Amino acid sequence: MTHDDITADAVSGPGGTPPGPSAVRPATSSDADGESNGTAPSPADAALPPELAPAALTLFGDRLDLAAAYAELLATDGVVRGLIGPREAPRIWDRHLLNCAAVAERIPSGATVLDVGSGAGLPGLVLAIARPDLTVTLIEPLARRTSFLIEVVERLGLARSVRVFRGRADEAASGSSGREPISGDVVTARAVAPLDRLAGWSLPLAVRGGRLLALKGSSAAAEIEEHADVVARLGGGEPAVRLCGVGVIDPPTTVVEIVRERMVGPARPAAKKRARGGRSRRG
């Protein structure tokens, strides 16, 4: 995929915000956690801690250098642009990269992956780095985020396997602005929405028999209990909790996995009531 292909998807594709330059924030402004550390971002923040090196090598293999380059971009440009908070920079490897890369074990070889609400590229870009056999589409509606994603894809040399789609998940699934609907074998999402809303956005993007892999925390079981009925109505199978990276990272990554078992179409409008004699009633 060429530079022009990626840019066309991000800038002229459907989206909730108008095309325009990335909104850049100084590193001293409020971070994603609502605090400021008052210091400029440093590439040193992205250094791989020695104790995590074995896990990183297991998950990224001979593409570990590529993962390290992405970590540096997150810790510098990602902080400056407000995509991650300054306090997250020293924790990029354990809380973000390794946590996301572990999910690759749930994805079949050669799969097409759609990453909903990709933000800074988590987990979509991490999966594309760890698994060069995957074809990944990063779905993100905000201009400053898609600008960052396009730059990272180009700088890491991932344009052949990674596409940036500027728009919402429902726009990607239905197609708009003359674009064809897109779908994939696997849909991923991390810290996007509660399970009921996330399933509503994500399951329409999965092919029949495809699956949603939602990275969740301790709330996973409670969300399944609360929203299982909604998932079923949307055509999803019974949600299951999967632990990824067991024996490699501690704690392992908690994922809610939902298979799209049925293709559920949009709701039809209610038929107008008819009066006796076959004429429609008028209000």
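The largest pocket of this predicted model is lined by 44 residues, and R95, H96, L122, R190 and A191 lie nearest its centre. A pocket is here an open set of points on a 1 Å grid over the protein atoms alone, where a 1.4 Å probe fits, with protein on both sides within 12 Å along at least five of seven lines; lining residues have an atom within 4 Å of a point. Rolling a probe the size of a water molecule over the atoms shows where empty space is left. The volume of the largest pocket is about 1200 Å³, where a volume is the space filled by probe spheres set on the points, and grid points are joined across faces, edges and corners.

Residues are numbered from 1 along each chain as its sequence is written, and side-chain values use heavy atoms, with hydrogens and water left out. Local features need pLDDT of at least 70 and side-chain atom pairs count only at pLDDT 80 or more, while totals for chains, interfaces and linings use all residues.

Which elements supply the lining of the largest pocket? At least two residues each come from α4 (92–101), β2 (135–140), α6 (143–155), α7 (169–174), β5 (206–216) and β7 (253–259). Helices (H or I, at least four residues) and strands (E, at least two) are DSSP runs, numbered from the N terminus. The largest share, five residues, is contributed by α4. Sorted by class, the lining contains 20 nonpolar, eleven polar and 13 charged residues. In this scheme Ala, Val, Leu, Ile, Met, Phe, Trp, Tyr, Cys and Pro count as nonpolar, Asp, Glu, Lys and Arg as charged, and the others, Gly among them, as polar.

Helix α4 also packs beside other helices. Two packed helices are described by the angle between their axes and the distance between the axes. Axes are lines fitted to C-alpha atoms, for helices over the stretch in contact, and angles run from 0 to 180 degrees between N-to-C directions. The axes of α2 (residues 53–60) and α4 come within 9 Å and cross at roughly 30°, so the two helices are roughly parallel. Those of α3 (residues 64–80) and α4 come within 11 Å and cross at roughly 125°; α3 and α4 are therefore oblique. Angles under 35 degrees count as roughly parallel, over 145 as roughly antiparallel, 65 to 115 as roughly perpendicular and the rest as oblique. Within α4 lies W93, which is buried at 2% relative accessibility. Buried means under 20% relative accessible area, exposed over 50%, and partly exposed in between (1.4 Å probe, protein chains only). The C-alpha atoms of W93 and A55 are 10.0 Å apart, although 38 residues separate them along the chain.

Most residues other than glycine have a negative phi, and most peptide bonds are trans. A191, in the loop between β4 (184–190) and α8 (195–202), has a positive phi of about 55° although it is not a glycine. This residue is exposed, at 77% relative accessibility. L122 is joined to P123 by a cis peptide bond with omega of about 5°, and P123 lies in the loop between β1 (112–116) and α5 (124–130). Another cis peptide bond, with omega of about 0°, joins D250 and P251; P251 is placed in the loop between β6 (240–244) and β7. The loop between β6 and β7 also holds P252, which is partly exposed at 25%.
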